[in-house]
Amino acid sequence: MGTAGAVTLVSLGMLGLSAPTAAFAEAGAPEAPRVVCGTDGATGLAVSAGSAGDCGAALRVADAYTKAGLREGGAVTVVNSDGTVWRCQEQQGDPNPYQECVDTTDTTRHVTLTS
C-alpha cells in the first residue's frame, strides 16, 4: 500500500474514533438513522439520539432513566430531564430488546439505549 493509501486509512480510523458517530437501525430496532452519543455511566449501554445536536440531552435522559430504574417487559417509566418529560420503556428488537425514551411534547425526539 502506498503512503497516500496509508494516510487515508489512518485518517478514516481517526474519524471513527471521534464521537458522535452515525448508527443505522437493525431489523426491529428504531427505524431512523441514529447518532451514537456515548454510553450511559450506570449501565454501559450505548446512548443514541436523532442528531448530534441532541446528544447532550440524550445522555441526561439516559442518566435520569437509569437512576429511575430500567423497567423490563414493557413497563413505562416517566422521567423529567431539563424540564422535559420523557416516556421510557423497553421495546422488542430483533433479536435483542432495547430501551427507548420519547419526548412527550415532541414525539420526533427519541433516545435509545442499546447493548
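**Figure 1. R109 and D103 join in a salt bridge, with 3.0 Å between their closest N and O atoms.** This is a predicted model, in which local features need a pLDDT of at least 70 and side-chain atom pairs count only at pLDDT 80 or more, while totals for chains, interfaces and linings use all residues. Residues are numbered from 1 along each chain as its sequence is written, and side-chain values use heavy atoms, leaving out hydrogens and water. A salt bridge here is a side-chain nitrogen of Lys or Arg within 4 Å of a carboxyl oxygen of Asp or Glu. Are the two partners buried or exposed? D103 is buried, at a relative accessible area of 2%, and R109 is partly exposed, at 23%. These words have cut-offs: buried means under 20% relative accessible area, exposed means over 50%, and partly exposed lies in between (1.4 Å probe, protein chains only).

**Figure 2. D82 and R60 form a salt bridge between distant parts of the chain.** How many salt bridges does the structure hold? There are 3. In the one shown here, the N to O distance is 2.6 Å. D82 sits in the loop between β4 (77–81) and β5 (84–91), R60 belongs to helix α2 (residues 55–68), and 22 residues separate the two. Helices (H or I, at least four residues) and strands (E, at least two) are DSSP runs, numbered from the N terminus. D82 is exposed, with a relative accessible area of 53%, and R60 is partly exposed, with 42%. As a reminder, side chains of opposite charge can pair when their charged atoms come close. D82 has another feature to look for: its phi is near 55°, a positive value in a residue other than glycine. For background, most residues other than glycine have a negative phi.

**Figure 3. D63 and K67 pair along helix α2.** Their side chains meet in a salt bridge with an N to O distance of 3.2 Å. D63 counts as partly exposed at 31% relative accessibility, whereas K67 is exposed at 66%.

**Figure 4. A disulfide joins C37 to C55.** A disulfide is a covalent bond between the sulfur atoms of two cysteines. In this model it is taken to be a pair of cysteine sulfur atoms within 2.5 Å, and a search of the whole structure finds 2 of them. For C37 and C55, the S to S distance is 2.2 Å. What does this pair tie together? C37 lies in strand β2 (residues 34–39) and C55 in helix α2, so the link connects parts that are 18 residues apart in sequence. With -75° about the S-S bond, this link is left-handed. Both C37 and C55 are buried.

**Figure 5. A disulfide joins C88 to C101.** The S to S distance is 2.1 Å, and the link is right-handed, with 110° about the S-S bond. C88 is in strand β5 and C101 in strand β6 (residues 98–103), 13 residues apart. Both C88 and C101 are buried. Beyond its neighbours within four places in sequence, C101 is in contact (heavy atoms within 4.5 Å) with several residues, among them V61, Y65, W86 and R109. Numbering the bonded cysteines in sequence order gives the pairing 1-2, 3-4.

**Figure 6. The peptide bond from D94 to P95 is cis.** Its omega is near 15°. Where is P95 found? P95 is in the loop between β5 and β6. For comparison, most peptide bonds are trans.

**Figure 7. The largest nonpolar core has 17 residues.** A nonpolar core is a set of buried Ala, Val, Leu, Ile, Met, Phe, Trp, Tyr and Cys residues joined through side-chain atoms within 4.5 Å. V79, W86, C101, V111 and L113 have the most contacts inside this core. β2, β3, α2, β5 and β7 (110–114) each supply at least two residues. Which element gives the most? α2 does, with 6 residues.

**Figure 8. Confidence is lowest in helix α1 and highest in strand β3.** Helix α1 (residues 3–17) has a mean of 34, and strand β3 (residues 46–49) reaches 97. Over residues 1–27 the pLDDT is below 50, and this stretch has 23 contacts in the model beyond near neighbours in sequence. The protein averages 79, and 71% of the residues score at least 70.

Definitions and conventions
pLDDT is the predictor's confidence in each residue, from 0 to 100.
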